[in-house]
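Subject: The structure I promised you

Hi there,

Have a look at it on your screen while you read.

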Amino acid sequence: MTYPVYSVGGGKEQNIVLGGYTNQASWKIRLVDEKDETLDFANSRTDKNGYIVYSIILPDELPTGAYRIETVSLANEVSVVAGVNVV
């Protein structure tokens, strides 16, 4: 599967906006490193248009390198949705 890859820096807030026909509030979104250590995104409330903003502040000391963004459903199904290169 092909997915987008983004470059980001530590010490900054990153956001993902979801909307559509599924119950996005039940999803868990996380940033995962090569050692499978995770940082969870926090989610906002659904707005009047059905969108949710998932946010994470990357620590200043976050090691550079390749990460992935995963979604986890209520049934614990994990999907990789993007790659992240921390610079």
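Five strands make up an open sheet, ordered β1-β8-β7-β3-β4, with mixed pairing. Its edge strands, each pairing on one side only, are β1 (5-8) and β4 (38-40). On average, neighbouring strands here are turned by 30° against each other, direction ignored. The angle is taken between axes, which are lines fitted to C-alpha atoms, and runs from 0 to 180 degrees between N-to-C directions. Strands are DSSP runs of E with at least two residues, numbered from the N terminus, and two of them pair if DSSP finds at least two bridges between them.

This is a predicted model, so please keep in mind that local features need pLDDT of at least 70 and side-chain atom pairs count only at pLDDT 80 or more, while totals for chains, interfaces and linings use all residues. Residues are numbered from 1 along each chain as its sequence is written, and side-chain values use heavy atoms, with hydrogens and water left out.

V32 stands opposite R68 in β7.

Strand β8 is where you will find G83. This glycine is buried, at 5% relative accessible area (buried means under 20%, with a 1.4 Å probe and protein chains only). Not counting residues up to four places away in sequence, G83 touches Y3, P4, V5, Y6, Y67 and R68; contact means heavy atoms within 4.5 Å. S73 is 10 residues from G83 along the chain, and their C-alpha atoms are separated by 19 Å.

Now the core. The largest nonpolar core has 15 residues, and L31, F41, I69 and V84 touch the most other members. Two or more residues each come from β3 (28-32), β6 (52-57), β7 (65-72) and β8 (78-86). Such a core is a set of buried Ala, Val, Leu, Ile, Met, Phe, Trp, Tyr and Cys residues joined through side-chain atoms within 4.5 Å. Beyond four places in sequence, the contacts of V84 include Y6, V8, L31 and I69.

There is also an open sheet of three strands, in the order β2-β6-β5, with antiparallel pairing. β2 (13-18) and β5 (42-43) are its edge strands. Two bridges link β5 and β6, and A42 has S55 in β6 as its bridge partner. The side chain of S55 also makes a polar contact with that of N15, at 2.5 Å (a pair of N or O atoms within 3.5 Å, one able to donate a hydrogen and the other to accept it; residues adjacent in sequence count only if both atoms are side-chain atoms).

Best wishes

Note on methods. Buried < 20%, exposed > 50% of the residue type's maximum accessible area, 1.4 Å probe, protein only. Helix = DSSP H or I, 4+ residues; strand = E, 2+ residues; numbered from the N terminus.
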